Amino acid sequence: MASGLAEFVVIANRLPVDRITGPDGETTWRKSPGGLVTALEPVIRRKGGAWIGWHGAAGEKLRPFEHEGMNLVPVPLSEEEVEEYYEGFSNATLWPLYHDVVAPPEFHREWWDAYVRVNQRFAQKAAKIAKKNAVVWVQDYQLQLVPTMLRELRPDLRIGFFLHIPFPPTELFQQLPWRRQILEGLLGADLVGFQMPGAAQNFIRLVRQRVGHKTHRDTVYLPDGRTVLAQAYPISIDAAGFEELARTPEVIARAAEIRESLGNPKVVLLGIDRLDYTKGLRQRLRAFGELITEGALDVDDAVFIQVATPSRERVGQYILLRDDINRLVGRINGDVGRIGQQPVTYLHASYPREEMAALYRAADVMVVTPLRDGMNLVAKEYVACRYDEKGALVLSEFAGAASELKSAYQVNPHDINGMKQMLLAAINADPRENARRMKAMRRQVMENDIDLWAANFLRELNAVRDPHAKNPRPV
Ligand code: G6P
């Protein structure tokens, strides 16, 4: 961004860095582990691009800074905006509404007002730093009004939007008092990307019904001659990076150490999730607990490791869930555990990528059972780490990943008995059968990584017809 202006701009609720405070109180930044930054970092570097996002602390203003060749532009949020825009409208209205209302969404007008205000702030920042004709890529449900706000400020820009979570069925979306504004906000983009084709169709149908624009297949025709394309781009992971990590001697040794410290049980089952009510943690723990109680699994043979990463800890539904899971784990271990033999190892903590890779390698059965999930990258990470073609994946049919990972042991997480049967099937399968399944899943994951996802989206964004320009602009 030598000229002070960027040719490529990413806008996301969070900056792709975490703040680390050293022992003497000085702070540094460390790149966050997510796949999105892995994919976009090279593009940002090449283009002298910038990433606009919140730095995670309330009430603090920071100047733009550079980190490992990326220009980072922090957006401040006041304490009240964190409560109303982030914890409120984003995570207690939109998040549950978009995830099949598995928790009841709350509708509050002050939260909406804060959402509008903060979206406007993000749009203004982008308008200020984007070069003429730049490409701007807006990410996720926290920022659905940004595309139109930005287009009003800067009609020259090429704007993409990607929704990382599900887009709900029309019947549920209609509950939202601000449904029309959200649809109109998204229509500021040239290309709106979703995880699944069904989500793109939901969006197109709602635009036709609620906003009244003409649509044909995946295209919306706006009165000013502009078109908006809505398509599916299933997101992925840095697959080669995970495999490489899983192959290191340190990770291999750590995986053996993990099994050893559990008493070398015959079967290790693993769940790794953000502690979120969409993830189906209760259902999976109940299924496992019943298998032990009923004697289908022996407490000496089977251990379930559940890692639950702390998340959105001040939001009511998350506080309730945390207590609920604590109680459930306590009950299972209390009822069926023995001295030195706890069936569930529950870890409420986040771990670095190396430890995750070791856990993936240590697990015979990976259990991913969300009630609704846009994609679920943990399922793909497990597959990427199992280059040994060992291990089995039990996967909810309500995760976006299920349509790609067809060889997983697929389950309906609401059906506890069905889930118990599938867990046993995965545990007792002939290793050759599990190797066959893993091979098929690995082909899918290793070939369709996050770089390909970003390249596909950006290529399409560049190709979208611009009614005002003779030639498409280069990305
Ligand atoms: C999901 C969302 C992301 C979000 C992440 C972590 O993956 O799609 O937009 O950043 O959860 O949640 P948090 O609220 O901590 O940013």
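User: Good to know. What covers the buried residues of α12?

Analyst: The cover includes the helices α8 (239–246), α9 (249–261) and α13 (377–385), along with the strands β13 (267–274), β14 (302–309) and β16 (365–368).

User: And how many residues of α12 are buried?

Analyst: Eight of the ten residues in helix α12 (residues 353–362) are buried, so the rest of the structure largely encloses this helix. The buried ones are Glu-355, Met-356, Ala-357, Ala-358, Leu-359, Tyr-360, Arg-361 and Ala-362.

User: Back to the prediction. What is the mean pLDDT of the chain?

Analyst: The mean pLDDT of the protein chain is 95, and 97% of its residues reach 70 or more. Among the elements, strand β17 (residues 392–396) has the highest mean, 99, while helix α1 (residues 35–47) has the lowest, 87.

User: How is the chain divided into domains?

Analyst: Domain 1 is made of 2–235 + 452–462, and domain 2 covers 239–447. Their centres, taken over C-alpha atoms, are separated by 30 Å.

User: How many residues are in contact between the two?

Analyst: On the domain 1 side there are 24 residues, in contact with 21 residues of domain 2.

User: Now the inside. Which residues touch the most other members of the largest nonpolar core?

Analyst: Those are Ile-11, Leu-150, Phe-167, Phe-203 and Leu-269, in a core of 103 residues. Helix α3 (residues 109–129) supplies the largest share of this core, with ten residues. Domain 1 and domain 2 both give residues to this core, so it lies between them.

User: Changing topic: what surrounds the ligand?

Analyst: Around the ligand are Arg-14, Tyr-86, Asp-140, Tyr-141, Gln-142, His-164, Ile-165, Arg-274 and Arg-312.

User: How far is the side chain of Tyr-86 from a ligand oxygen?

Analyst: An N or O atom in the Tyr-86 side chain is 2.5 Å from an oxygen atom of the ligand. Asp-140 has a polar side-chain atom 2.6 Å from a ligand oxygen, and for Arg-312 the distance is 2.9 Å.

User: What about Arg-284, buried or exposed?

Analyst: Arg-284 has 1% relative accessibility, so it counts as buried. This arginine is found in helix α10 (residues 281–293), and its side chain makes a polar contact of 2.8 Å with that of Thr-369. Beyond its neighbours within four places in sequence, Arg-284 is in contact with residues including Gly-271, Asp-273, Phe-304 and Met-419.

User: And Arg-151, where is that?

Analyst: Arg-151 sits in helix α4 (residues 146–153). With a relative accessible area of 14%, Arg-151 is buried. A polar contact of 3.0 Å joins its side chain to the side chain of Asp-190.

User: Next, the loop between α9 and β13. Is Pro-265, which lies there, buried or exposed?

Analyst: Pro-265 lies in that loop and counts as buried, at 5% relative accessibility. Leaving aside neighbours within four places in sequence, Pro-265 is in contact with Arg-259, Asp-300, Asp-301, Ala-302 and Val-303. Asn-264 has its place in the loop between α9 and β13 as well, and counts as partly exposed at 48% relative accessibility.

User: What is phi of Asn-264 near?

Analyst: Phi of Asn-264 is near 45 degrees, a positive value in a residue other than glycine. Most residues other than glycine have a negative phi. Arg-217 also has a positive phi, of about 50 degrees. Arg-217 is in the loop between β10 (214–216) and β11 (219–221), and counts as exposed at 72% relative accessibility.

How values were computed
Residues numbered from 1 in each chain as written. Predicted model: local features only at pLDDT ≥ 70, side-chain atom pairs only at ≥ 80, totals over all residues. Heavy atoms only, no water. pLDDT = per-residue confidence, 0-100. Helix = DSSP H or I, 4+ residues; strand = E, 2+ residues; numbered from the N terminus. Core = buried A, V, L, I, M, F, W, Y, C linked by side-chain atoms within 4.5 Å. Buried < 20%, exposed > 50% of the residue type's maximum accessible area, 1.4 Å probe, protein only. Domains from an automatic or database assignment. Near = heavy atom within 4 Å. Polar contact = N/O pair within 3.5 Å; in protein donor to acceptor, adjacent residues only side chain to side chain. Contact = heavy atoms within 4.5 Å.
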